[in-house]
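This report covers a ligand shell, a pair of helices and a sheet. The sequence and structure are shown first.

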Amino acid sequence: MRKFVGERAKRLIANNTIASVVKLNHHHTPCSPNYYSNRSHLRRLPSSLYSPISSYSIMASTPPVTVESLNPKVLKCEYAVRGEIVTVAQKLQQDLQENPGSHPFEEILYCNIGNPQHLGQKPITFFREVLALCDHPVLLDKNETMGLFSADSIKRASSILDQIPGRATGAYSHSQGIKGLRDTIAAGIEARDGFPADPNDIFLTDGASPGVHMMMQLLIRSENDGILCPIPQYPLYSASIALHGGTLVRYYLDEATGWGLEVSELKKQLEAAKEKGITVRALVAINPGNPTGQVLAEENQRQIVDFCKEEGLVLLADEVYQENIYAPDKKFHSFKKICRAMGYGEKDIPLVSFQSVSKGYHGECGKRGGYMEVTGFSSEVRQQFYKVASVNLCSNITGQILASLVMSPPKVGDESYDAYMSERDGILESLARRAKLRRCELQQSRGAMYLFPNIRLPDKAIKAAEDAKKAADAYYALRLLDATGVVVVPGSGFGQVPGSWHFRCTILPQEDKIPAIVSRLTDFHKQFMDEFHITYKAARYILWKL
Ligand SMILES: Cc1ncc(COP(=O)(O)O)c(C=O)c1O
């Protein structure tokens, strides 16, 4: 019976997947999803699913919602990390499953998104043990549990359950998050920074992204309000500013100095925005950087803090990659610590710091956990923060628990400590080896999870991209995918100095996959340059090395 139900479910899933692929296939240009479509799918579908007359057009002549009648802010918003390239990759993957050998590669290598467990990274055992016990507390009363779970995971799960009203992970919590977990997180921040942290300043969130959205919602009143963002930037920022109707005020990171952040550039862009009548309300600093992987120097951070103080800006500090630093001479310093060490107290500077369970060595992206630490706002403003948080009721409890575990992992003497350290160090050391992947004549990734190489595209390739109505690096990335199965994100999705072209490639595929990626990238680049008549000498810029 179970087998029968399982097979029926598989058939239903297969049919639905095909139906959704058919919906995606609208265009026929070489760089569009439809270019890769396998028309044989259509023959296997009921005719109603591919009839040119949609069931909707039979029912009504004027659809109540069209793309044109949607909120224009939604139409303006773009999010490249999951854009067209991923749709095409998913289609290719389906082709490979249904027709092995239908493409010149055997598998799709997803290097487009910082999603470590999708690419084989294993979760930290201690974290998962605690989550399992919290979610199924009956296990705590069973004799076998002592043999299956570590003593400290049992102890931690029991104490977390004691902090949850009703001892139930299925219940809503306080809108800022469970108080006991916020106590743990505040203690973790204090231990990291050496300065006090207040649990009432912590807002637990479903990953860092909702926290960023919340801040944009609170700060942006109209398109006359601007947010200073690094370029290149992680497109959560451009997308959330667009969704909330504000103006993105770009400041460019300097590629020539390893993506340095110059305060003179901040001043220049702020003045230019003011001249256009824009009130700049906040500055976003992503440290370590995505997509650029740079780690800010302490002195540079102090300059940024002073700049925000002088200009009356909220400092939005995205610190989700705080554990991901690979250069021995670089160290993470939280902006909160920098502010306090400079003598700025709670009232001096409005600062919001974002942390996430998705990154670091834990990579628990799908559990959706994170927090923001909010300091330097009046109690009236804080009440408005709380009101907005309470509209969502609360963030998910699994994510809340994970955020507390990330900020308070096993300590020396705990039963799990050795296993935890070896899992953590194993992941970080492997990431550091993969971060050494680099192009000749270009720096390797110092932090975060990405490489962001500059690709010097010949004029003829740029013209071919224009003809295909694509940005030149999007054209390059689609051709790369088609030829090699490697998925990267075009630099145009992150912003870049006009006329320069890049792509972002994660360092997350497991180490045994890296040699294949290196040779596929190198071979493709040579062929691409040959096609557009550039000599091998020019192409050497993208010979990859480990
Ligand atoms: C710089 C940066 N900030 C925030 C996020 C959002 O992560 P999450 O919402 O999963 O915590 C990401 C995700 O890649 C990121 O790279």
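## Ligand shell

In this predicted model, the ligand is surrounded by 14 residues. The closest are Gly 207, Ala 208, Ser 209, Ser 356 and Ser 358. Sorted by class, the shell around the ligand consists of seven polar, six nonpolar and one charged residues.

## Helices α13 and α14

Helix α13 spans residues 263-275 and helix α14 spans residues 298-311. Their axes come within 10 Å and cross at roughly 25°. Angles under 35 degrees count as roughly parallel, so α13 is roughly parallel to α14. The crossing of the two helices is right-handed.

On the α13 side, the contact is made by Val 263, Leu 266 and Leu 270. These residues meet Gln 303, Ile 304, Phe 307 and Glu 311 of α14. By class, the contact of α13 with α14 has five nonpolar residues, one polar and one charged.

## Three-stranded sheet

Three strands form an open sheet in the order β10-β13-β12, and their pairing is antiparallel. The edge strands are β10, at residues 450-451, and β12, at residues 489-490; each of them pairs on one side only.

Strand β13 covers residues 503-506 and pairs with β10 in the antiparallel sense over two bridges. Which residue of β13 is the bridge partner of Leu 451? The partner is Cys 505. In general, strands of a sheet pair through backbone hydrogen bonds, in either a parallel or an antiparallel arrangement.

Conventions. Residues are numbered from 1 along each chain as its sequence is written. This is a predicted model: local features need pLDDT of at least 70, side-chain atom pairs count only at pLDDT 80 or more; totals for chains, interfaces and linings use all residues. Two strands pair if DSSP finds at least two bridges between them. Helices (H or I, at least four residues) and strands (E, at least two) are DSSP runs, numbered from the N terminus. A residue is near a molecule or strand if its C-beta atom, placed from the backbone, lies within 6 Å of it. Ala, Val, Leu, Ile, Met, Phe, Trp, Tyr, Cys and Pro count as nonpolar, Asp, Glu, Lys and Arg as charged, and the others, Gly among them, as polar. Axes are lines fitted to C-alpha atoms, for helices over the stretch in contact, and angles run from 0 to 180 degrees between N-to-C directions. Angles under 35 degrees count as roughly parallel, over 145 as roughly antiparallel, 65 to 115 as roughly perpendicular and the rest as oblique. A crossing is left-handed if the near helix is turned anticlockwise from the far one by less than a right angle, and right-handed if clockwise. Two residues are in contact if their C-beta atoms, placed from the backbone, lie within 7 Å.
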